[in-house]
Amino acid sequence: MLLEVQALEARHGLLQAVRDVSLKVAEGETLALVGANGAGKTTLLRTIAGGHRAAAGRVLFDGTDVTRSSAHKRVRMGIALVPEGRHLFPRLTVDENLRVAGGNGRKGPWSLDAVYAAFPNLEPLRRHRAGTLSGGEQQATAIGRALMTNPRLLLVDEASLGLSPVAVDGVYRSLQTVIESGATIILVEQDLRRAMKVATRISCMLEGRIVLEGTPSELTREAVVDAYFGLREAGTSQATA
Amino acid sequence: MTWVNSIVHGIFLGGVYALLAAGLSLMFGVMRIINLAHGSLALVGAYAAYVFVEHTGLSAYAAIPPVVLGMFVVGYLLQRTMLERSLRAGVLVPLLTTFGLLVIIGNLLERIFSPDPKSLNPGVLGTTTWQITGTLSISPFEVLELGVAVLVLGVLQLYLTRTRMGRELRATSEDPDTAELVGIDSRAVYARAAAIAVGTAALAGIFFGMRSSFDPSSGPTELIYAFEAVVIGGLGSLWGTLVGGIVLGVAQTIGAQIDPQYFDLAGHLVFLVVLLVRAAIESGAIGSTRGVTA
């Protein structure tokens, strides 16, 4: 197992955002995390990446316990997060945003040139400050920045949030390239249709717990939607309210 | 023509102010620490040079490399041992910590060196004068001082924009949490910034010591000059800091030209005016001053 999360708990003050979550991700898998706003998806990703402290439980990466490791050490081991809302360094250029991440991670195929080849729309913007880019361009830069660390596990939080449909298509096209290169990915996605298309496995979160898991072929859209809204006990397809 | 003389000397003086202010600005830009002990650390640099000269008999210039290097290490350790801990406790604690440091340094210096003023000898460079015109004369020491200040600021600028460590420093100053997530060890970055800040402060402190005498209570005065230069020049820009230092220096020398008592007062007045203008502009405008830009 590349990633093993055991009985993980994470809090924001008194609010328990992640409750007793366990999951496993094997090398080469693409796991989609779906769930409503506030279900704990972002906190779970941040806790795996080291941006948020775990209150209990363990995170094992390639067999090593990283629960207490700082975020930058996890980057060195091969975990990279594309944060929700992109969080680029707005006053640094696109080039600098990419280069600041490169060299901190592992050796591997991703370099400045490789990123520009995968995101050709960024090439002409190299010297532009990241803060001046459009949402789609920023998202591409954020993904490129994470790739620069040559991660073994890429965590992508809400890649399509706040983007125009055309920009989302662009982002997913490039994600597809990354997936085809054999990367292991955990993807947080609100758009169920897209999640089911790219993922090899889907986990649905509700109020901090994982309530449904399966492959896209096992799961029906309805079952996921029910779990999404917490209607699983209420029945199956009748529960449309 | 004496006015031209004051302005020119004010510009030279401004160079040292900028050198002193750069570190203060850097630490605030990167760690959000207002280092109240900045002037005191500059003063420690001057005293260290004084001790060096007393023991070796060499000139004060020879003291610059070892003292600056030593203060680099002091800055690094200061961040790692003391400021890093206090940063974890919120915004106010580092302010109190550095205030405590200011008091401790002042008292320690007084115990070790007595309250008597000391000075560093600028040597033949300080006593020679170049007669430019009838009333305008400058000393090679002043030229050297401004030259070193511009050189240090230029090197710092290149460091920030062209090197990997500089990029990491700017990224951390913009968003420390995200910096960690792209693999930057923010604590190491902070310690480097503190090393640069304290090292350059010590250099400025030595130059101040060559200009005029200093005593254990000079720290806060130097802090105020640095602070004023930063505010006049605008936070986050090294060249802005140079301009700020020069404006402050020129204001002081012009003030002193009117009446020697007005040296400090004129500087404070310019500072106050700039502050009021800035406040007026910022109250109408949005945008933040966070981050270090080159």
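Colleague: Where does A:Ala183 lie?

Modeller: A:Ala183 is in the loop that runs between helix 6 (165-180) and strand 8 (184-188) of chain A. Helices (H or I, at least four residues) and strands (E, at least two) are DSSP runs, numbered from the N terminus. This is a predicted model, in which local features need pLDDT of at least 70 and side-chain atom pairs count only at pLDDT 80 or more, while totals for chains, interfaces and linings use all residues. Residues are numbered from 1 along each chain as its sequence is written, and chains are lettered from A and ligands numbered from 1 in the order in which they are written.

Colleague: Why is A:Ala183 called buried?

Modeller: A residue is buried if 20 or more other C-beta atoms lie within 10 Å of its own, exposed if 12 or fewer, and partly exposed in between, with C-beta atoms placed from the backbone. A:Ala183 has 21 other C-beta atoms within 10 Å, so A:Ala183 is buried.

Colleague: Which residues does A:Ala183 touch, not counting those up to four places away in sequence?

Modeller: They are A:Leu154 and A:Val178. Two residues are in contact if their C-beta atoms, placed from the backbone, lie within 7 Å. A:Pro151 is 32 residues from A:Ala183 in sequence, and the two are 8.0 Å apart in space, C-alpha to C-alpha.

Colleague: What makes A:Asn150 count as buried?

Modeller: A:Asn150 has 23 C-beta neighbours inside 10 Å and therefore counts as buried. A:Asn150 belongs to the loop between helix 5 (135-147) and strand 7 (153-157) of chain A. The phi of A:Asn150 is positive, about 50°, although A:Asn150 is not a glycine. Most residues other than glycine have a negative phi.

Colleague: How do you know that A:Arg86 is buried?

Modeller: A:Arg86 has 24 C-beta neighbours inside 10 Å, so A:Arg86 counts as buried. A:Arg86 sits in the loop between strand 6 (79-82) and helix 3 (94-101) of chain A. A:Arg86 is not a glycine, yet has a positive phi of about 70°.

Colleague: Why are helix 5 of chain A and helix 6 of chain A called roughly parallel?

Modeller: Helix 5 and helix 6 of chain A pack at an angle of about 15°, with their axes 9 Å apart. Axes are lines fitted to C-alpha atoms, for helices over the stretch in contact, and angles run from 0 to 180 degrees between N-to-C directions. Angles under 35 degrees count as roughly parallel, over 145 as roughly antiparallel, 65 to 115 as roughly perpendicular and the rest as oblique. Helix 5 and helix 6 of chain A are therefore roughly parallel to each other.

Colleague: Which residues meet between helix 5 and helix 6 of chain A?

Modeller: Helix 5 of chain A brings A:Gly135, A:Gly136, A:Gln139, A:Ala140, A:Ile143 and A:Leu147, which meet A:Ala167, A:Gly170, A:Val171, A:Ser174 and A:Val178 in helix 6 of chain A. By class, that contact has six nonpolar, five polar and no charged residues. Here Ala, Val, Leu, Ile, Met, Phe, Trp, Tyr, Cys and Pro count as nonpolar, Asp, Glu, Lys and Arg as charged, and the others, Gly among them, as polar.

Colleague: What makes helix 6 and helix 7 of chain B roughly perpendicular?

Modeller: The axes of helix 6 (residues 140-162) and helix 7 of chain B cross at roughly 80° and come within 5 Å. Helix 6 and helix 7 of chain B are therefore roughly perpendicular to each other. B:Tyr159, B:Leu160, B:Thr161 and B:Arg162 in helix 6 of chain B meet B:Gly166, B:Leu169 and B:Arg170 in helix 7 of chain B.

Colleague: How many residues of chain B are in contact with chain A?

Modeller: There are 17 residues of chain B in contact with 23 residues of chain A. Helix 7 (164-174) and helix 8 (176-181) of chain B are the elements that give two or more residues to the side of chain B that touches chain A. The largest share, six residues, comes from helix 7 of chain B.

Colleague: How many bridges join strand 1 to strand 4 of chain A?

Modeller: Five bridges join strand 1 (residues 3-12) to strand 4 (residues 56-61) of chain A. A:Leu3 has A:Phe61 as its bridge partner in strand 4 of chain A.

Conventions. Two strands pair if DSSP finds at least two bridges between them.
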